[in-house]
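Dear colleague,

I am handing over the structure that we spoke about, and below it you will find my notes on what turned up. Please read them with the model open beside you.

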Amino acid sequence: MAACFKYWNDCVEPEDLEAMWADPEVSQEWIDAGETKEQKILLSRDPDGQPFLTQTEMRAVAEITVSRHFDSQIDPDMLRALAEIASDRQPLCSRYEEKTKETGIGLMQITPAIAEKMFSETDCRAYEIDASKNALNRPFVNTYIGAAYLKWLSNFEDKERDEEFVIRAYKGNIKKAKKAYHKSTLDFWNRYLSVKKSLPSRRNTQNQENESLGSDQAGPAGSASTKADNWLKYWDSVVSPEDMEQLWKQSVVQKEWTKSGEKRGKVRFPLDPKGRPYLSLAEVKTIAEIIISKHFDTKEMAPQAVLCALAELSSMRFVNGVGARKGLMGIDYPTAVWLHRDGYNAYQAKSEEDLSNPFLSMYFGAAYLVWLSNYEGRARTPEFVAEAYFAGPETVKNEDASILWIKFQDALSLYDDPKTVQKSCSIL
């Protein structure tokens with residue numbers, strides 16, 4: 001039976017939960033969310049209702065695991081970065097690899113074979129690992145085995161290995177560790193470096209909380225931080241004067257804003273019944289059009305309807321995103337940093353809060369779309385790109401139509417004729 005956790009109390013030992021409460025940043029995050037020690041602690045949920053760990057929680061799990069069991073022999077940030085890439089910090093994440101015929105489970109995407117090897121051939125005994133896959137869905141158990149595996153790889157075949165070998169070997173399976181430097185693992189290594197470098201530190205996390213800006217405290221899907229939403233009341237507070245002027249020049253937006261009584265210098269975001277800021281259809285269309293025309297080759301770039309549909313699926317047009325997906329386009333901070341370094345530098349995300357800028361989020365969403373369209377040096381199908389945008393290119397098993405592709409086509413209908421879009425677009 002598949003694991004189904006709703007509370008932290010359901011998936012950690014009492015001493016692990018106590019250790020989490022002892023971390024000042026975790027306890028502050030939980031208290032701010034209305035949690036108390038007298039009640040069960042809710043796990044945050046993404047738009048599909050799947051539980052995930054906030055970055056604050058993941059940092060604490062990694063640090064507690066390393067300090068308890070590995071005497072600082074493993075860098076906790078290695079665990080954090082791998083969890084970010086492998087599972088988006090989702091403890092119930094499960095992915096089957098067609099090539100290896102194995103299923104990765106949990107935060108660190110541990111396979112049963114790796115768990116068994118760590119348990120039988122190393123001193124990995126802190127947690128009881130049985131035949132039940134559910135044990136691998138538990139955050140501390142999964143992170144512990146992931147750390148043990150990193151330690152094992154760091155001394156593979158009795159040779160001291162560097163970080164690049166360890167991470168690239170981690171991407172494959174145990175049998176392929178000798179081929180760690182194969183070209184197939186290079187993209188994973190580069191992404192790992194980008195993600196690791198951009199992980200928020202304790203000090204940065206605390207500063208974000210103190211400034212009441214869009215932090216990882218977003219929590220369950222559809223309930224982005226109230227503090228962040230209060231800050232995101234006006235367009236002018238997050239968008240540059242130049243981009244605001246571009247919006248005012250567009251007749252459809254100007255008409256919409258004038259009708260609702262908006263004035264230059266203080267344009268309000270629309271709010272849903274819960275007070276969460278979002279963009280109208282006209283605003284999303286206009287930003288997509290501006291970004292494409294100013295920063296991309298219009299002959300090669302997808303039509304604006306494609307970007308709008310991605311925004312619809314990623315964030316439901318909420319300014320601060322939903323769940324773990326940040327901003328209008330659901331582009332996370334590490335991806336924005338990586339794309340900027342890769343040459344997409346019209347905008348720069350200096351912190352996670354910058355992802356609340358709809359122009360910036362749309363720009364990096366478009367850049368990621370371009371990158372995916374030629375993933376690993378060959379042109380990709382529309383189905384591949386649509387699924388890879390949300391799940392990552394490495395998780396796409398084939399290029400056949402998927403549920404994500406069907407949802408994407410439905411979203412397209414809000415902005416354009418899907419058939420026209422598919423025929424006229426060289427990327428999608």
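The count of aromatic pairs comes to 23, where rings of Phe, Tyr and Trp (its six-membered ring) pair if their centres lie within 6.5 Å, with planes under 30 degrees apart counted as stacked, over 60 as edge-to-face and the rest as tilted. One of these pairs is formed by tyrosine 368 and tryptophan 371, which are stacked at 6.0 Å centre to centre with 15° between the planes. Before going further, please keep in mind that this is a predicted model, in which local features need pLDDT of at least 70 and side-chain atom pairs count only at pLDDT 80 or more, whereas totals for chains, interfaces and linings use all residues. Residues are numbered from 1 along each chain as its sequence is written, and side-chain values use heavy atoms, with hydrogens and water left out.

Tyrosine 368 and tryptophan 371 both belong to helix H16 (residues 358-373), where they are 3 residues apart, about one turn of the helix; helices (H or I, at least four residues) and strands (E, at least two) are DSSP runs, numbered from the N terminus. An α-helix has 3.6 residues a turn, so residues three or four places apart point the same way. Tyrosine 368 is buried at 9% relative accessibility, while tryptophan 371 is partly exposed at 22%, given that buried means under 20% relative accessible area, exposed over 50%, and partly exposed in between (1.4 Å probe, protein chains only). Tryptophan 371 also pairs with tyrosine 375, and because the ring centres are 5.5 Å apart and the planes stand at 65°, this pair is edge-to-face. Tyrosine 375 is itself buried, with a relative accessible area of 6%. Ring pairs link Trp338, Tyr368, Trp371, Tyr375, Phe384, Tyr389 and Phe390 into a cluster.

One member of that cluster, Phe384, also has a charged neighbour: arginine 380 lies over the face of phenylalanine 384, at 4.4 Å from the ring centre. A charge sits over a ring if NZ of Lys or CZ of Arg is within 6 Å of the ring centre and within 35 degrees of the ring normal. In another such arrangement, the charged end of arginine 161 is placed over the ring of phenylalanine 165, 4.3 Å from its centre.

Turning to charged pairs, there are 18 salt bridges, each being a side-chain nitrogen of Lys or Arg within 4 Å of a carboxyl oxygen of Asp or Glu. Lysine 40 and aspartate 10 form one of them, at 3.6 Å from N to O. This pair links distant parts of the chain, 30 residues apart, with lysine 40 in the loop between helix H2 (24-32) and strand E1 (44-45) and aspartate 10 in the segment before helix H1 (14-22). Both ends are partly exposed, lysine 40 at 44% and aspartate 10 at 28%.

Within helix H4 (residues 76-87), arginine 80 and aspartate 77 are 3 residues apart, or about one helical turn, and their side chains meet in a salt bridge of 2.9 Å, N to O. Here arginine 80 is buried at 6%, whereas aspartate 77 is partly exposed at 25%. Glutamate 84 forms a further salt bridge with arginine 89, the closest N and O atoms being 3.0 Å apart, and glutamate 84 is buried at 8%, as is arginine 89 at 5%. Salt bridges that share partners also join Asp23, Glu25, Arg59 and Glu63 into one network.

Aspartate 23 caps the N-terminal end of H2, with a side-chain oxygen 3.0 Å from the backbone nitrogen of glutamate 25. The buried residues of H2 are Glu25, Val26, Ser27, Glu29 and Trp30, and just after this helix glycine 34 takes a positive phi of about 90°.

Strand E3 (residues 94-97) and strand E4 (residues 102-105) pair in the antiparallel sense over 4 bridges, where pairing requires that DSSP finds at least two bridges between two strands. Arginine 95 stands opposite glycine 104 in E4. The hairpin of E3 and E4 has 4 residues between the strands, and in it lysine 101 takes a positive phi near 60°.

How values were computed:
Polar contact = N/O pair within 3.5 Å; in protein donor to acceptor, adjacent residues only side chain to side chain.
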